[in-house]
Structure formats: structure tokens, C-alpha cells
Amino acid sequence: MRLPLPQFANEHRHPDHIAEVIETATTEFLAQCLDPEELNFPLMPPFGSWVKSLDEESGNQIYGVVYFATTSPIDSVHRARALGLSLEGLREQQPQIFAMLKTEFRAAIAGFCPHLDNQNGSRLPTGVVYQYIPPRPPQIHQAVYRCQPSEIVHFTQQFDFLRTLLQVPGAPVDALTAAAIREVYQLRGADRDWLVQAGRTLSVLLKDDYDRLRLILSQIHP
């Protein structure tokens, strides 16, 4: 029997509140997506997208980049099997399926910002951004939010986060770096000056490995 995560009704949940931390470590955190009210799969954040959570002890808002996501049965013993049904067919004939699956994602910590006045994710950060590993990661059972475009633009004014993305253990780091840059580039309205600076930073970090640099930049488009 499924034991769902503690959740608030939709009218009390911030619209960007998508998940909850279920495992935490110095450099990353694992989050489980919250179940939607309707019969559907939980929202899986895109590869390379930006999320945030809170370390209540220090008051830091922690920012991360999603590098892995999975949907799997909540029962680790039994695997899912093919049913040959469309999504609508699952809703009509196998509605219990949605209660038997979980969606989780891992986010590499890219940096942090000072504490916000509230903890519901509704206020955007201003001021200093630290693009290095914070003293503490978000605690377990903390809410995880999607980042607003203005937050991402604010956070990525500097480029130290690129070094972090290029060093995420077990991740396809070139594709991850390209995905993160691509999202920022699009949010900045195809700001070529920003992209050129990002490319120069990558060139230094990759030690003039032009094949890797070309591969990353080839995946970026407005």
C-alpha cells in the first residue's frame, strides 16, 4: 500500500512547489516529486533545469541543477510491466497504476543565496550569490521549488557554476552543462555577450579541449 508524502491541498501549495528532499548530501540532494491531484504522473523536472530548496539551520537558499530523473515503482521488489495502454487508457482501466509509481530526481548543488524573509519560495533573491558548495545542504523533507526565470538570470551573472557542472560524478557532464547554459541563454533572450563569456569560461575550464567545447556549444540554441 502506498504511503504518500505529506502534502498540502493545492490551494495551500505554492505553484512552484514540485518535490520534497528525501536524501541529502554535501554536493547534491535527491527529491521525490509530489503527486498531482488528478490521475497523472508527477511532474518530472527537465534535465538541466534549475531548482531550489532551503537549509533552515543556516537560512541559505540552495540552488541546484537537475542531472538525473526517474519514474519507478514504489515497491522495489516488483518491476513495472508493459500494459499496451495509452495514458487515457491507464486512467480508465488501470487507475491504481498512478498510486504505485514514484518520480525522483537528483540535483547537483551549484551555490546558494542568503536567507529569504519567508520560506514558501514566493520571494525572489536579491544581492549576493555564492557559486560554491554551501556549508550545509537542504535538510531532509524540505520543500523543493522550480526556480523562476528572474532567479536563474540573477544567479548566473557569474560563471563559476560551470566548473561545478563539469565535475558532477556519474553525470553526462557535457550534456548537463549544455542543457543548463541553453536554458539560461534562452531566458536571457539569446544574449550573445553572455554566451560568449560562458564559452570563454568553458574554454579555460576544459583546458582548450576544443572538441568538447564545440560539442557543448553546438547544443545551445535560442
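Apart from its neighbours within four places in sequence, Thr201 contacts Phe159 and Leu162, contact meaning heavy atoms within 4.5 Å. Thr201 lies in helix α5 (residues 192–205); helices are DSSP runs of H or I of at least four residues, numbered from the N terminus. The model is predicted, with local features requiring pLDDT of at least 70 and side-chain atom pairs pLDDT 80 or more, while totals for chains, interfaces and linings use all residues. Residues are numbered from 1 along each chain as its sequence is written, and side-chain values use heavy atoms, leaving out hydrogens and water.

**Helix α5**
- Thr201 counts as buried because its relative accessibility is 17% (buried is under 20% relative accessible area, exposed over 50%, partly exposed in between; 1.4 Å probe, protein chains only).
- The buried residues of α5 are Trp194, Leu195, Ala198, Gly199, Thr201, Leu202 and Ser203.
- These buried residues pack against α3 (161–165), α4 and α6.

**Packing of α4 and α6**
- Helix α4 (residues 173–187) packs with helix α6 (residues 210–218) at about 45°, their axes 8 Å apart; axes are lines fitted to C-alpha atoms over the stretch in contact, and angles run from 0 to 180 degrees between N-to-C directions.
- The two helices, α4 and α6, are therefore oblique to each other (under 35 degrees is roughly parallel, over 145 roughly antiparallel, 65 to 115 roughly perpendicular, and the rest oblique).
- Val173, Asp174, Thr177 and Ala178 of α4 make the contact with Arg212, Leu215 and Ile216 of α6.
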